Amino acid sequence: MEIILKYFPDLTEEQHAQFAALYDLYTDWNARINVISRKDIENLYLHHVLHSLGIARLIRFRPGSRVMDLGTGGGFPGIPLAILFPETHFHLVDSIGKKVKVASEVAQAIGLQNVSFRHARGQEEKEKFDFVVSRAVMPLEELIRIIKKNIAPVQRNSLPNGLICLKGGELQNETLPFRQKVMLHDLKEEFEEPFFETKKVVYVPVS
């Protein structure tokens, strides 16, 4: 939890309590339904919560924004972002029902009011959103093909509506088709821990 306060020191009491509750909740649920590698649960705040919040280093969602988290798994990046941006609505979607159950139970336990959930494939979701966020679920080209229909036409944030995803490693080939539009934000510039050395936030406007 200290690592979250290191980079996000201005949390409200409620946000602090919500972030602090995540470790026990995920440890408990993970023992029943494996949503995070058993060896990785000890690194929950570094590898999952802070990594998710890397998106907040690229954009501060304006109140009233709507964001879909596609392939949310156990709730990343959606739940940490929903805690940080209580006036933005987050819709968490995953094709694996038991993962959606974990995410919804965690959200309920910490009293998140700005989240909704759906057990579905991305192709089935028809609602419109300002942004779709995702954490390395599939190659960019495939992801954009699926979510293009979900991007709302009216812009209300500092960046045009589109896709924001967390990725690592070599992205040159993957971003090549979008090189005119894609924005890569190195998380090693934001967070000093070695884990972030190769981690990036990738933004592609979608119209």
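Contact, as used in these legends, means heavy atoms within 4.5 Å. Helices (H or I, at least four residues) and strands (E, at least two) are DSSP runs, numbered from the N terminus. The structure is a predicted model, in which local features need pLDDT of at least 70, side-chain atom pairs count only at pLDDT 80 or more, and totals for chains, interfaces and linings use all residues. Residues are numbered from 1 along each chain as its sequence is written, and side-chain values use heavy atoms, with hydrogens and water left out.

**View 1. The packing of helices H2 and H5.**
Leu22, Leu25, Tyr26 and Trp29 of H2 meet Lys101, Val102, Glu105, Val106 and Ala109 of H5. The residues of this contact comprise 7 nonpolar, no polar and 2 charged (Ala, Val, Leu, Ile, Met, Phe, Trp, Tyr, Cys and Pro count as nonpolar, Asp, Glu, Lys and Arg as charged, and the others, Gly among them, as polar). The two helices pack at an angle of about 145°, and their axes are 10 Å apart. Axes are lines fitted to C-alpha atoms, for helices over the stretch in contact, and angles run from 0 to 180 degrees between N-to-C directions.

**View 2**
Strand E5 (residues 162–168) and E7 run antiparallel and are joined by 7 bridges.

Among the buried residues are Tyr45, His47, His48 and His51. Their cover includes helices H1 (2–7), H2 (13–32) and H4 (78–84), together with strands E4, E5 and E7.

**View 2. Lysine 200 in strand E7.**
Lysine 200 belongs to strand E7 (residues 199–205), and lysine 167 stands opposite it. Is lysine 200 buried or exposed? Lysine 200 is buried, because its relative accessible area is 17%. The side chain of lysine 200 makes a polar contact of 3.4 Å with the side chain of aspartate 186; a polar contact is a pair of N or O atoms within 3.5 Å, and within protein one must be able to donate a hydrogen and the other to accept it, while residues adjacent in sequence count only if both atoms are side-chain atoms. Not counting residues up to four places away in sequence, lysine 200 touches residues including Cys165, Leu171, His185 and Leu187.

**View 3. Lysine 149 in a loop.**
Lysine 149 is found in the loop between helix H6 (140–147) and E5. Lysine 149 is partly exposed, because its relative accessible area is 28%. A polar atom of the lysine 149 side chain lies 3.0 Å from the backbone oxygen of glycine 122. Leaving aside neighbours within four places in sequence, the contacts of lysine 149 also include Gln123, Glu125, Lys126 and Lys128.

Phenylalanine 76 and proline 77 are joined by a cis peptide bond, with omega about 10°. Proline 77 lies in the loop between strand E1 (66–70) and H4. Most peptide bonds are trans.

Notes. Buried means under 20% relative accessible area, exposed over 50%, partly exposed in between (1.4 Å probe, protein chains only). Two strands pair if DSSP finds at least two bridges between them.
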